[in-house]
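Welcome! Keep the 3D view open as you read.

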Amino acid sequence: MIKYLALEIRRSLRDRRYLLLVAGWPVAAYLLFSTVFGAAADRSEGLPPTVAIMVAMASFGAMGGVLMASGPRLAMDRQMGWLRQLRLTPLSPARILAARLVAAMALSLPAIVLTFVTAALVKGVSLPIWEWPMLVLLIAAGCLPFAAIGIVVGTIADGDGAQGLTMVLYLVLAALGGLWMPVQILPSPLQTVARTLPSYHLAQLGWHIARGVAPALGDGLVLLAWFAGAALLAVAVSRRLTLRTA
Amino acid sequence: MTYHPPATGAHIPSLVPPDDIAECAVRVDAVTRRFGPVLAVDNLSLTVEPGQTLALLGPNGAGKTTTISMLLGLSAPDAGSIEVFGAAAGSPAARAGVGAMLQDGGMMPGVLVGELLAMVRTLYAAPLAHDEVVEVAQLRGLEKRRVDRLSGGQSQRLRLAVALIGDPRLLILDEPTAAMDVETRRGFWHAMEGFTARGRTILFSTHYLEEADVAADRVVMMARGRVVADGTPQAIKDSVGLRVIRFSTIHAGITGLDALPGAVSATQHGNRVELRCNDSDSALRALIATRPDAHDIEVAGIALEDAFITITDGIAA
């Protein structure tokens with residue numbers, strides 16, 4: 001299973017278009033936003049804009065890396081017949097799913113690390129040394145719900161459909177979750193929606209750490225609830241699909 | 001025409017003493033599988049002994065792929081049970097001992113041939129040596145190639161390698177040679193001989209009676225989800241007849257024609273007679289000797305599909 005997991009990660013890292021999208025995009029967006037808004041006063045997060053935007057863009061990139069590594073790839077593997085072939089091996093379906101979840105989670109890292117390095121080198125962001133690894137770990141771990149959401153997408157949609165659906169989810173979660181702009185500028189009904197989204201709570205986790213305070217339990221709980229919901233849904237849809245196509 | 005099933009006992013290996021049942025490589029017991037209104041597999045029972053090379057023969061829609069899919073646990077029967085080496089089909093124990101080449105079996109996109117084989121190898125308890133499999137599947141030199149950049153024939157060889165690498169006791173192949181040219185096909189069956197020489201069991205499906213004849217020591221013929229013939233390739237060929245002699249005659253009656261050497265059966269449509277043969281050369285010589293009135297003679301191969309239909313009609317009648 002470890003070998004399968006490693007190979008899942010390796011093939012993602014080999015995919016240049018994927019890497020450019022999930023790591024290049026947040027880095028470019030970080031440079032743009034932090035340059036445009038960098039001179040502004042501290043934002044509502046209580047952080048300098050270069051730091052607040054760094055955390056937001058790292059979360060944005062991490063979420064994208066995980067969503068794309070789980071959903072569209074699963075859809076493709078299903079369509080190509082690889083999943084069918086893999087099911088013939090002694091690897092159990094639960095392990096296949098677990099390996100895919102972990103592999104997708106691991107692909108949150110390139111975007112996080114690249115965004116942080118860019119922020120530190122180009123924008124001179126400096127944080128207490130312990131905050132960096134904490135940020136990397138928490139943002140990566142906070143992507144768990146997105147891995148499960150991806151599994152749902154990859155199970156219900158095929159190839160291009162999964163790609164499109166993932167992109168829509170990605171952009172909606174990012175925009176409404178306050179990763180591009182503070183949720184305070186949204187109309188208030190949308191703000192209510194925003195505060196239920198996993199992307200919103202993912203960013204909150206990071207901002208807490210960057211402010212040097214302990215992350216709020218509530219954010220973690222909401223993320224866990226999203227994971228549990230998506231995981232249950234994934235199990236339900238995959239059951240239904242197996243019955244239908246068997 | 002009438003069809004006589006092969007004589008019971010002699011070459012029907014499915015009739016085994018009860019105490020040998022645990023030893024069976026495959027045991028299909030009264031399995032039925034429906035797709036909506038279509039009865040894909042109809043009350044199928046089949047036993048395969050270890051060491052056998054069995055060809056599952058039949059036209060499209062005969063239920064071959066459905067049967068294989070159930071043998072692998074990829075789909076569940078509506079009724080009946082399937083065991084592989086005594087374990088339920090698709091169970092972890094069964095999966096550990098079975099390798100398979102599927103018609104629609106894709107390989108992990110974006111990885112290298114060598115990487116994929118190395119990964120799959122780690123999933124089995126006692127796999128074959130990596131190099132041995134690369135050699136047998138003729139993948140030497142392709143190990144650094146990306147899986148999704150292989151040609152059709154190369155992909156098929158990779159499928160074989162993936163099926164073989166766990167050193168399965170039972171190899172299941174769904175139309176393995178469908179996309180192969182004659183040369184590749186020969187190489188493929190040569191590799192399979194090496195595999196069975198080690199006491200392994202093979203079950204493969206095919207459209208081609210010729211292929212079953214060359215590669216299998218038992219042929220199970222399916223049509224409309226049922227077994228319509230089961231025996232050695234020779235027995236099947238004898239009962240089906242591989243060629244047909246057609247001729248016109250001025251004398252009525254076809255009595256005695258099916259008793260000519262090499263002939264299997266005779267039918268008449270107007271003044272045209274159709275003589276189905278398993279040895280058309282002998283039959284033709286005998287025909288000319290006994291029926292000098294025969295004219296406009298033609299000899300042709302018969303489509304296997306026709307034979308299946310004839311056989312099933314014969315069984316249903």
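## The nonpolar core

A nonpolar core is a set of buried Ala, Val, Leu, Ile, Met, Phe, Trp, Tyr and Cys residues joined through C-beta atoms within 7 Å. Buried residues have 20 or more other C-beta atoms within 10 Å of their own, with C-beta atoms placed from the backbone (12 or fewer count as exposed, and in between as partly exposed). This is a predicted model, where local features need pLDDT of at least 70, side-chain atom pairs count only at pLDDT 80 or more, and totals for chains, interfaces and linings use all residues. Residues are numbered from 1 along each chain as its sequence is written, while chains are lettered from A and ligands numbered from 1 in the order in which they are written.

The largest nonpolar core has 152 residues, and Met63(A), Val66(A) and Ala161(B) have the most contacts inside it. Its largest share, 18 residues, comes from helix 3 of chain A. A second, separate core has 15 residues, among them Leu257(B), Leu275(B), Ala283(B) and Leu287(B). Helices (H or I, at least four residues) and strands (E, at least two) are DSSP runs, numbered from the N terminus.

Contact here means that the C-beta atoms of two residues, placed from the backbone, lie within 7 Å.

Met63(A) also belongs to the contact between helix 3 and helix 9 of chain A. Helix 3 (residues 49–80) and helix 9 (residues 159–176) of chain A pack at an angle of about 165 degrees, with their axes 9 Å apart. Axes are lines fitted to C-alpha atoms, for helices over the stretch in contact, and angles run from 0 to 180 degrees between N-to-C directions. Helix 3 and helix 9 of chain A are therefore roughly antiparallel (over 145 degrees; under 35 is roughly parallel, 65 to 115 roughly perpendicular and the rest oblique).

Helix 6 of chain A packs against helix 3 of chain A at about 160 degrees, with the axes 7 Å apart. That makes helix 3 of chain A roughly antiparallel to helix 6 of chain A. Their contact includes Met54(A), Gly61(A) and Gly65(A) of helix 3 and Ile112(A) and Phe116(A) of helix 6. By class, this contact has 9 nonpolar, 5 polar and no charged residues (Ala, Val, Leu, Ile, Met, Phe, Trp, Tyr, Cys and Pro count as nonpolar, Asp, Glu, Lys and Arg as charged, and the others, Gly among them, as polar).

With helix 5 of chain A, helix 3 of chain A makes an angle of about 140 degrees, the axes being 7 Å apart, and that makes helix 3 of chain A oblique to helix 5 of chain A. Val66(A), Ala69(A), Ser70(A) and Leu74(A) of helix 3 meet Arg100(A), Ala103(A), Ala104(A) and Met105(A) of helix 5.

## Around helix 7

In helix 7 (residues 131–141) of chain A, Leu135(A), Leu138(A), Ile139(A) and Ala140(A) are buried. What covers them includes helix 3, helix 5 (93–106), helix 6 (109–122) and helix 11 (198–210) of chain A.

Chain B has 10 helices and 14 strands, and 45% of its 317 residues count as buried.

The contact takes 24 residues from chain B and 19 residues from chain A. On the chain B side, helix 2 (92–96) and helix 3 (113–121) of chain B are the elements that give two or more residues. That side has 16 nonpolar, 5 polar and 3 charged residues.
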